[in-house]
Number of protein chains: 2
Amino acid sequence: MIGLGPGDPRYLTPDADEALRAAEAVYGYSSYLARVPTRRHQVHYPSDNREEAARAAAALDHAARGGNVAIVSGGDPGVFAMAAAVCEAIESGPEAWRALDVAFVPGITAMLAVAACIGAPLGHDFCALSLSDNLKPWELIERRLDAAASAGFVIALYNPVSRARPRQFGNALTRLRQHLPASTPVVFGRAVGRPDERVEVTTLDAADAKNADMATLVIVGSRETRVIARPGKSPLVYTPRATPGAAVEVSA
Amino acid sequence: MIGLGPGDPRYLTPDADEALRAAEAVYGYSSYLARVPTRRHQVHYPSDNREEAARAAAALDHAARGGNVAIVSGGDPGVFAMAAAVCEAIESGPEAWRALDVAFVPGITAMLAVAACIGAPLGHDFCALSLSDNLKPWELIERRLDAAASAGFVIALYNPVSRARPRQFGNALTRLRQHLPASTPVVFGRAVGRPDERVEVTTLDAADAKNADMATLVIVGSRETRVIARPGKSPLVYTPRATPGAAVEVSA
């Protein structure tokens with residue numbers, strides 16, 4: 001189970017590269033698999049984005065038949081990616097799957113790549129939250145947004161929108177505006193680490209949900225997060241390490 | 001500003017490796033700097049753990065005099081590490097520092113490395129929280145522990161203890177036991193990615209604060225987190241992607 005990082009090979013760790021080279025078979029969402037060079041004697045098995053459980057089962061079955069099998073994820077496999085789906089399959093699948101040698105190879109997840117583009121917005125306590133309500137109720141997402149914002153966490157939002165979920169991100173911004181000042185810095189990082197990379201710094205009141213798509217990772221600052229203007233250069237966004245006690249809501 | 005990852009070179013990205021090779025001067029906490037091979041024409045400037053602000057200022061001053069200067073951090077520079085200290089120094093320092101070309105190179109942060117050792121404990125929404133109260137009041141840490149646990153986030157605890165802060169982690173475990181079942185899985189990952197790596201899986205009621213030190217990253221599961229026993233192999237710990245609505249406290 002290999003994390004490819006944000007996309008560009010310069011983020012692929014030597015550990016991930018070595019595991020990829022050793023694999024006879026590579027399974028993955030077709031967009032991620034397209035980043036993996038095809039090697040002699042290595043077969044690629046692309047599948048669709050929403051087929052995590054079937055992909056995990058096919059790969060585990062292949063491995064149980066003796067193959068050296070890799071599954072690839074963008075970013076880190078353990079962050080809103082395939083590693084949990086593989087564990088779910090192992091727990092509910094044939095006993096033989098528990099005897100397999102499985103290894104998880106970490107990667108640079110999107111929030112780290114986006115943060116590095118712009119400074120240090122995750123500089124103090126932060127959380128990572130997926131806005132997809134395919135696998136959890138929207139009420140739970142709202143509850144987590146409330147908890148994170150009112151306790152002063154910086155918030156990294158994964159999967160802000162998709163074609164099937166056009167309104168979740170706008171609703172989340174509305175929710176966050178109840179807790180955080182209008183001037184709170186917000187970073188949109190799209191396709192970071194890939195040729196069409198685009199990073200935008202805005203504020204919570206000006207943030208427009210239409211500027212996010214499926215390839216966007218959004219970081220919403222805390223009350224402490226700051227923007228450093230730089231003449232002739234893009235601004236830096238960072239969250240200071242020190243937090244005074246008054247920097248969160250008095251009552252949650 | 002370069003992230004070295006957990007320690008072993010197999011986690012160092014090609015981007016970080018290239019930036020390190022290009023540097024004339026490398027600044028960092030001496031333990032991290034010891035992982036960087038000394039190269040001809042490259043000077044190392046080690047400093048003590050608690051000297052982040054002075055280290056950042058020295059490196060920026062060096063760069064402002066025309067040097068190609070690197071600062072190294074373990075893990076990712078933007079996660080409880082040097083990137084925020086560098087931004088703080090730029091904001092409060094001489095105007096010339098805002099004109100410097102600065103770049104942040106992401107790395108594999110400890111929670112990703114520990115999670116990858118054991119399965120996928122960060123498989124759904126999670127937060128990262130430092131237990132150090134050097135830079136924020138303990139009451140704020142308690143508030144964040146309450147918010148994160150009661151809203152069902154998995155919690156990665158950085159800096160659980162230090163010589164000067166022996167009791168924080170035990171107090172945090174006591175606090176978390178008020179929100180989470182006794183059987184909640186807890187992972188202690190010590191020095192992951194280094195020769196003395198040690199990973200322990202326990203439960204919230206059995207977790208012993210004495211088993212954590214400064215090199216330990218602790219992951220406390222949510223109500224959803226599961227352990228898969230495997231005959232003859234270490235268990236896998238994972239948090240399923242799907243969360244039913246009832247999986248968090250009814251009242252916060």
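Through which surface do the copies meet? The copies meet through the same surface, because 100% of the interface residues of chain B are also interface residues in chain A. This is a predicted model, in which local features need pLDDT of at least 70 and side-chain atom pairs count only at pLDDT 80 or more, while totals for chains, interfaces and linings use all residues. Residues are numbered from 1 along each chain as its sequence is written, chains are lettered from A in the order in which they are written, and side-chain values use heavy atoms, with hydrogens and water left out.

Chain B is superposed on chain A by a rotation of 180° with 0.0 Å of shift along its axis, at an RMSD of 0.0 Å (by least squares on the C-alpha atoms of residues with pLDDT of at least 70 in both). That is the relation of a two-fold axis. Among the residues of chain B, Cys127(B) comes closest to the rotation axis, with its C-alpha at 1.9 Å.

The contact (heavy atoms within 4.5 Å) takes 77 residues from chain B and 77 residues from chain A. Between them the chains bury about 6400 Å², 60% of it on carbon and sulfur atoms, where buried area is the accessible area, taken with a 1.4 Å probe, that two parts lose on being put together, summed over both. There are 14 salt bridges between chain B and chain A (a side-chain nitrogen of Lys or Arg within 4 Å of a carboxyl oxygen of Asp or Glu), and Asp101(B) and Lys233(A) meet in a salt bridge at 2.6 Å, N to O.
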